[in-house]
Amino acid sequence: MSVLTLRLAGPLQSWGASARFTRRTTESAPTKSGVIGMLAAAAGIERGDDTELARLGALRYGVRIDQPGSRVRDFQTAHHPVTGKSMPLSERFYLADAVFVAALEGDRALLTELHAALRAPVYAPYLGRRSCPPALPIELGLHDGTTPLRQVLQDEPWQAAPWYRRQRRRDATVSLAVLREADEHEDHADVLRDQPLSFAADHRRHALRSIIGDTVEVPNPAAVPTRSAPRHDPFDALEEESARCS
Amino acid sequence: MFLTRFRVNTARPGARRLLSSPQALHAAVMSSFPSLLPSDSSAPDGPRVLWRLDHNTRAEVMLYIVSPTQPDLTHLVEQAGWPAAATDPDTPGWQSKPYTPLLDHLAVGDTWAFRLTANPVHHIRRKDDEPRKRTAHLTPIHQMAWLLDRQERGGFRILEKPDSKRLLPGGTTHRQQEHHGDRYELSVRDRRDLSFDKSRGQNLSRRRPVSLVTVTFDGRLEVSDPDALRRTLTQGLGKAKAYGCGLMTLASLPGGG
């Protein structure tokens, strides 16, 4: 089992799991269907190809919230370019200035293929919506061997922006939220309908997926040591002295 | 000799008055010795009263006093301490202990951690025909050099760092020039540029503020000459001893010195 890690950073991201009609919401972290869809697009899998998609859907998925970002609401009015009739009013939600590390665990050959596809994508990757391009290269690395997903998310360096790291400069380590797929024996999991079954243009289908919320402690490279005075107690020498005399 | 410690209650107006002026604090410290009269002239190289303020954190300000006789800090407790707590005989408001046993046991080769607040100065002239004037050392490199210059006469030797802890291996720059910046177990911090009036309220035309630069040195030393070190600890090091400079204290090293 190998693990492929991705860095999802950009000015805007939008990861809808239950959005319908004119109100397009976003989850606070990338959804599995969004990330799998991005990888499938990079690998050139066409929309109706459900058997190819099933191979990708079988990967275990986890995401770490390195920089939560803030939610932005876009109230959108539009008119039809030909007829001039007004289109339905819609609300779109985005995450601004967020950074995530996503990890996929599974078959080594498949992940190697996806890693190569991200370096030379068939369809350009985007962060949940076509209007949200990534700000940095997406692929972080392919971890071969036996390291489990949770450990990889623990070991990956903190990817937050420098200005965000400086805000936390008083902390030597930061604790980051991790949302990962639950193992069989784990209960108390949340469920989210973002397990992709089909991306067919006329009928997209998603199954429920169980998620475990967790935190990991990651060192902060921007931490500055506190500049407090070193301890100095002249009286402890006196006490030692009197103990030696008596 | 006695070593005395008093914690300053920084929330009190009296404490702010004393902390804002080394002149006022010096007067308060000298008033804690009932037998010491201002008209007395002490022996030039005898032990004297030395004091120092340790600003450890904003609300942890300690006044240390080294003196030939035991001080009575009741007036300081009343103005800048905790008078209600001091009514309990277990917590008199200050701690005073005999310092002589420690001084007597100093021996060559002992290692100690030390702290010293000092006023590092030198005398310079800008032009050849100008009189030399006392001028403060302003950069940490020069301030360290000032202390390193005085270590031999002071009876101690500042320990050198092991190579593994140095940023510049061998204590030299990349051009192999000697550089003490990283070589010694010594740090300079808490530089204060003090400026205060020596007298209050009288004769405005003659009012020129006293200005001082003080720094606090922390480090580790090895005793090389116990007599000289005893003199350093009881008579002070450097200038401005009346204004909280020159008092060096020793503490045992964390690893058991």
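Phe21(A) lies in the loop between strand S1 (2–13) and strand S2 (23–24) of chain A, where helices (H or I, at least four residues) and strands (E, at least two) are DSSP runs, numbered from the N terminus. This is a predicted model, in which local features need pLDDT of at least 70, side-chain atom pairs count only at pLDDT 80 or more, and totals for chains, interfaces and linings use all residues. Residues are numbered from 1 along each chain as its sequence is written, chains are lettered from A and ligands numbered from 1 in the order in which they are written, and side-chain values use heavy atoms, with hydrogens and water left out.

The phi of Phe21(A) is near 55 degrees, a positive value in a residue other than glycine, and at 73% relative accessibility Phe21(A) counts as exposed. Here buried means under 20% relative accessible area, exposed over 50%, and partly exposed in between (1.4 Å probe, protein chains only). Asp97(A), which is placed in strand S5 (residues 90–106) of chain A, also is not a glycine and has a positive phi of about 60 degrees; with a relative accessible area of 42%, Asp97(A) is partly exposed. Most residues other than glycine have a negative phi.

## A four-stranded sheet in chain B

Chain B contains an open sheet of four strands in the order S2-S3-S1-S4, with antiparallel pairing, and two strands are said to pair if DSSP finds at least two bridges between them. At the edges are strand S2 (50–57) and strand S4 (94–98) of chain B, each of which pairs on one side only. From one strand to the next, the twist averages 20 degrees. Strand S1 (residues 2–8) of chain B pairs with S4(B) in the antiparallel sense over five bridges, and Phe2(B) stands opposite Pro98(B) in S4(B).

Helix H2 (residues 22–30) of chain B lies across S2 and strand S3 (60–67) of chain B, and runs at about 120 degrees to S2(B). For such angles, axes are lines fitted to C-alpha atoms, for helices over the stretch in contact (heavy atoms within 4.5 Å), and the angles run from 0 to 180 degrees between N-to-C directions.

## Strand S10 of chain B and its partners

S10(B) is mostly covered, with eleven of its 14 residues buried. Eight bridges join S5(B) to S10(B), and these two strands run antiparallel; Thr117(B) has Thr216(B) as its bridge partner in S10(B). Strand S9 (residues 186–196) of chain B pairs with S10(B) in the antiparallel sense over nine bridges, and there Arg192(B) has Thr214(B) as its bridge partner. S8(B) and S10(B) also pair in the antiparallel sense, over three bridges, with Ile158(B) opposite Leu221(B) in S10(B).

## Aromatic rings

Over all chains, a search of the whole structure finds six aromatic pairs. The rings of Phe114(B) and Phe156(B) have their centres 6.3 Å apart and their planes at 45 degrees, so the pair is tilted. Phe114(B) lies in strand S5 (residues 111–118) of chain B and Phe156(B) in strand S8 (residues 156–158) of chain B, so this pair ties together parts that are 42 residues apart in sequence. Phe114(B) counts as buried at 1% relative accessibility, and Phe156(B) counts as buried at 1% as well. In the pair of Trp146(B) and Phe217(B), the ring centres are 6.3 Å apart and the planes at 10 degrees, so the pair is stacked. Trp146(B) lies in helix H6 (residues 140–154) of chain B and Phe217(B) in strand S10 (residues 210–223) of chain B, so the pair ties together parts that are 71 residues apart in sequence. Both Trp146(B) and Phe217(B) are buried.

Rings of Phe, Tyr and Trp (its six-membered ring) pair if their centres lie within 6.5 Å; planes under 30 degrees apart count as stacked, over 60 as edge-to-face and the rest as tilted. In chain A, ring pairs link Trp158(A), Trp163(A) and Tyr164(A) into a cluster.

## The chains as wholes

The secondary structure of chain B comes to seven helices and eleven strands, and buried residues make up 45% of its 257 residues. The secondary structure of chain A comes to six helices and nine strands, and buried residues make up 41% of its 246 residues.
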